[in-house]
Structures are given as C-alpha cells and as structure tokens.
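This report walks through a fold from its sheet to its cores. Start with the display below.

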Amino acid sequence: MKKVLTYGTFDLLHYGHINLLERAKALGDYLVVGLSTDEFNGLKGKKCYFSYEERKKMLEALRCVDLVIEENCWEQKISDVKEFRIDVFVMGDDWKGKFDFLKDYCEVIYLPRTPEISTTQIKNDIANKNI
C-alpha cells in the first residue's frame, strides 16, 4: 500500500482544496491529511472561520481522505512520515523547495494549485462584499 501525506489549514473548504486532495490521493492508495490545529494556526498568525473539529469533520467526509491527523508544529513532519510510513509527501507548488528535506525519507511532490480560487480570495471577497 502506497501512503501519501499532505498538510494544510483547509479553512473554508473549496473546490481548489478538493482538486489538490484528489490529485494527492491519486499518487497512492491511502491519503493522510495533517490538519493545522487552532493553536498552531494562532502561532502562524492565522485565524480560521471554522474550528479544528469542524474542519476535521469536513475533511473526514471526503472519499479521498483516509485519515486526518493534527498538525501541531512545523517540526513534526519527519516524525509523521516515519510514524505513518509515508511514501509520498505532497504540497501545493507555492511551497516548492520548502520541504525538500523530506526527500531523505520519502518522495516529495509539489502540485500546482487551482489558480482561480483560494481561501484568502474568498475571505477578501466576503469582506469587500464582492459576492
């Protein structure tokens, strides 16, 4: 069984997230998603609309997601790759090169983002009433 791992905040879940998760799952048989906790998002200066538990429930409802784990810090990636016996690590290409240190443990792939959508764009559109 080939296992794939990705991470994210996945706030305001949208079709760009779905595209990324489906493409990640297509690289293997089992997709693990590291979901940023509310506390970790706070350390990153991010504020989510939905709580960790709500975001986790949405991800778990997706057919392409097999397991959701907590992302509590930047440094946990190597231990997660080892613990879950990950074969492929996947992130959006806006992170290109940032996780190359994982190549010692698994294959690292950066996938293109869906260009016309982002959580930031959605939040900005709502704030500016462009919807």
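A nonpolar core is a set of buried Ala, Val, Leu, Ile, Met, Phe, Trp, Tyr and Cys residues joined through side-chain atoms within 4.5 Å. The model examined here is predicted.

**Sheet**

Five strands form an open sheet. Their order is β3-β2-β1-β4-β5, and the pairing is parallel. β3 (67-71) and β5 (107-111) are the edge strands, each pairing on one side only. From one strand to the next, the twist averages 25°.

Strand β1 (residues 3-8) runs parallel to strand β4 (residues 88-92), joined to it by two bridges. Here Val 4 stands opposite Val 88 of β4.

**Helices on the sheet**

| Helix | Residues | Strands | Angle to β2 |
|---|---|---|---|
| α1 | 15-25 | touches β1, β2 (30-36), β4 and β5 | about 140° |
| α3 | 52-60 | lies across β2 and β3 | about 165° |

**Cores**

The largest nonpolar core holds 18 residues. Which of them touch the most other members? They are Leu 21, Leu 31, Val 33, Leu 59, Val 65 and Val 90. At least two residues of this core come from each of α1, β2, α3, β4 and β5.

Val 65 shows how these residues meet. Apart from its neighbours within four places in sequence, Val 65 is in contact with Leu 21, Leu 31, Val 33 and Leu 59.

A second core is separate and has 14 residues. Tyr 7, Val 81, Met 91 and Phe 99 are among them.

Conventions. Residues numbered from 1 in each chain as written. Predicted model: local features only at pLDDT ≥ 70, side-chain atom pairs only at ≥ 80, totals over all residues. Heavy atoms only, no water. Pairing = 2+ DSSP bridges. Helix = DSSP H or I, 4+ residues; strand = E, 2+ residues; numbered from the N terminus. Axes fitted to C-alpha atoms, helices over the stretch in contact; angles between N-to-C directions. Contact = heavy atoms within 4.5 Å. Buried < 20%, exposed > 50% of the residue type's maximum accessible area, 1.4 Å probe, protein only.
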